[in-house]
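The sequence and model come first.

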Amino acid sequence: MANARVLVSDPLAEEGLAILRAAVDVDVKTELREDELCSILGDYDALLVRSSTEVTAKVIEAGKRLKFIGRAGVGVDNIDVEAATRKGIIVANAPEGNTLAATEHTMAMMQALARNIPQANASLKKKEWKRSKFMGVELNEKTLGIVGFGRIGREVAKRANAMDMKCVAYDPFITKERAAQLGVEMMSMADLFKVADVITVHTPLIAETKHVINAKSIATMKDGVRIINCARGGIIDEKALYDAIKSGKVAGAALDVFETEPPLESPLLTLDQVIVTPHLGASTVEAQLNVAVSVAKQCIEVLKGGSAKYVVNAPMVPPEHAEILEPYAQLAEKMGRFAIQTAGGRLASVELIYGGELSAYAGSMKFVTRLALKGLLDPILQQPVNIVNAEYIAKERGISISETVTEEAKGFKNLITLKVKTDKGEETVSGTVFFKGRSRIVAVGGYTMDMIPEGYVIVSRHLDKPGVIGRASTILGKVNINIAGMQVGRINPGEEAIMVLNVDSEVPAAVMEEIRSMPGIFTATFAKISSELI
Ligand code: NAD
Ligand code: MLT
């Protein structure tokens, strides 16, 4: 991390900057045009943004040294995550820091909308006293329809329940049971639209949620419905909303976010029934401190060679699984590095079988698979491979990947089996993790063994007859290469056998050639298992 440089291109709370400054060189340069950002980004290892900086594919291309892009907030729609993934750049956000700020803003907007507070405020400040004009509605016992029941949706529900509203929600990824614990009824979006008096959206803006509130869906809603968007512009079709308010179908809307920001040309701004704020959902002192500290800490971790807590372009693993699976991921990476070097050739397919107690983490094994792919690709590619781009690179190269989870573990408590096929041959390696994260490779090519997956290794297949092992040791001894450990295995005496030698130093190609030319040797390969040796 020595001499690492970080560019902060949107305003970030001082507490976050202080964390960065204590560890790296930091420049804060805001309101840069795309070309200005591109012209300086090549000198930086990390870029931290809020929502103003557009981190386009062109910007990412200019960031030749970039390892990390941090978003001080939730939405990463201003970052071309795919372009970053292709380049192995970690993109992380700070999804929890502004949840309560956005929740409270939503509640404030709902109440202001119900009681016409902004309009009444503006009127009185114009010296008017129009009490009947601003007749409101009560929220008590009204039905609140929450579209997107994630962090903010759930916090909104808690508060609305406390106000004696009836909450219903739609979210394809949340179970009915989870919602019921919060006193919320899950239903289809179509049903939600039919029963809700107030609808609030809390989803990301993705293809599935773009314009979910449109002319057609508005037509199915209750007459006089009120609509709130403190999530992302584009979830509501603004033209349809305008028409529906004009016709009286929709009684009013509260909007913090817009299809185009700032929405200066939007006809919605001309309607009395629409109340607006300039994307203020996360604008509290507390939230800005939280998100700045979160991205700053993640940035430093990544620049130190570690991982970030909220990576958006790597497989999602619940934090409690991540800790348990870490030693398996390290083993899988070493197995990958070992297997590709012993198999040789162009990688065609990769199969991973996770057995025994690992079957309890089936949903999280993609994380381990990514590390196995990193191990397989690292030794053969020039470009940096990491957990972010390993799968992308494998797929781009036409390598087929399969992952199976089973309770069977061949007598071990847990077992990872990696089968690779290349254009030159195939290799099967199995490994297990023992107590306190210690790992072993327990089988290679069907031969059982007990090998420490570290350092330098020679693997030979040879005829099981006296003298072969001794001659190999002599060749290594002549060039002063110390053998640290030896494993031999065979299926039937006198037939093919395997020898795995852990050695203390690199074995020159000429020495490997000498071993290969020994009588009785079928194949002999040299592999470096630890990543720092590659
Ligand atoms: P979250 O990821 O915790 O929740 C989003 C929920 O949307 C998830 O539960 C997900 O399952 C659900 N979802 C995904 N696809 C869906 C679909 N097709 N239909 C219905 N639900 C779907 O995110 P969050 O932290 O609750 O944030 C919600 C939104 O609020 C995001 O768009 C975020 O960018 C935005 N946000 C805005 C502000 C602001 O300043 N206005 C502040 C914070 C967050
Ligand atoms: C977010 O996605 O976190 C919010 O929109 C707030 C912000 O843009 O900073």
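## Ligand 1

A polar atom in the side chain of Arg 232 is 3.4 Å from an oxygen atom of ligand 1. Polar contacts here are pairs of N or O atoms within 3.5 Å; within protein, one atom must be able to donate a hydrogen and the other to accept it, and residues adjacent in sequence count only if both atoms are side-chain atoms. The side chain of His 279 also places an N or O atom 3.3 Å from an oxygen atom of ligand 1. Arg 151 uses its backbone instead, with a polar atom 2.9 Å from a ligand 1 oxygen. The protein covers 88% of the 860 Å² of accessible area that ligand 1 has on its own (Shrake-Rupley method, 1.4 Å probe; for residues, only the protein chains shown count as cover).

The shell of ligand 1 holds 27 residues, and the closest are Arg 151, Ile 152, Asp 171, Thr 203 and Asp 256. A residue belongs to a shell if one of its heavy atoms lies within 4 Å of the molecule. By class, this shell has 13 nonpolar, 9 polar and 5 charged residues. Ala, Val, Leu, Ile, Met, Phe, Trp, Tyr, Cys and Pro count as nonpolar, Asp, Glu, Lys and Arg as charged, and the others, Gly among them, as polar.

## Basis of the model

This is a predicted model, in which local features need pLDDT of at least 70 and side-chain atom pairs count only at pLDDT 80 or more, while totals for chains, interfaces and linings use all residues. Residues are numbered from 1 along each chain as its sequence is written, chains are lettered from A and ligands numbered from 1 in the order in which they are written, and side-chain values use heavy atoms, leaving out hydrogens and water.

## Ligand 2

Arg 232 and His 279 are also among the residues around ligand 2, together with Arg 50, Ser 51, Arg 71, Gly 73, Val 74, Gly 75, Asn 98 and Ala 282. This shell divides into 2 nonpolar, 5 polar and 3 charged residues.

Backbone N or O atoms approach ligand 2 oxygen atoms at 2.6 Å from Val 74 and at 2.8 Å from Gly 75. Ser 51 contributes a side-chain N or O atom, 3.2 Å from an oxygen atom of ligand 2. Of the 260 Å² of accessible area that ligand 2 has on its own, the protein covers 92%.

## Domains 1 and 3

The domain assignment, automatic or from a database, gives domain 1 (5-97 + 286-303), domain 2 (99-276) and domain 3 (319-533). The C-alpha centres of domain 1 and domain 3 are 37 Å apart. Their contact (heavy atoms within 4.5 Å) takes 6 residues from domain 1 and 4 residues from domain 3.
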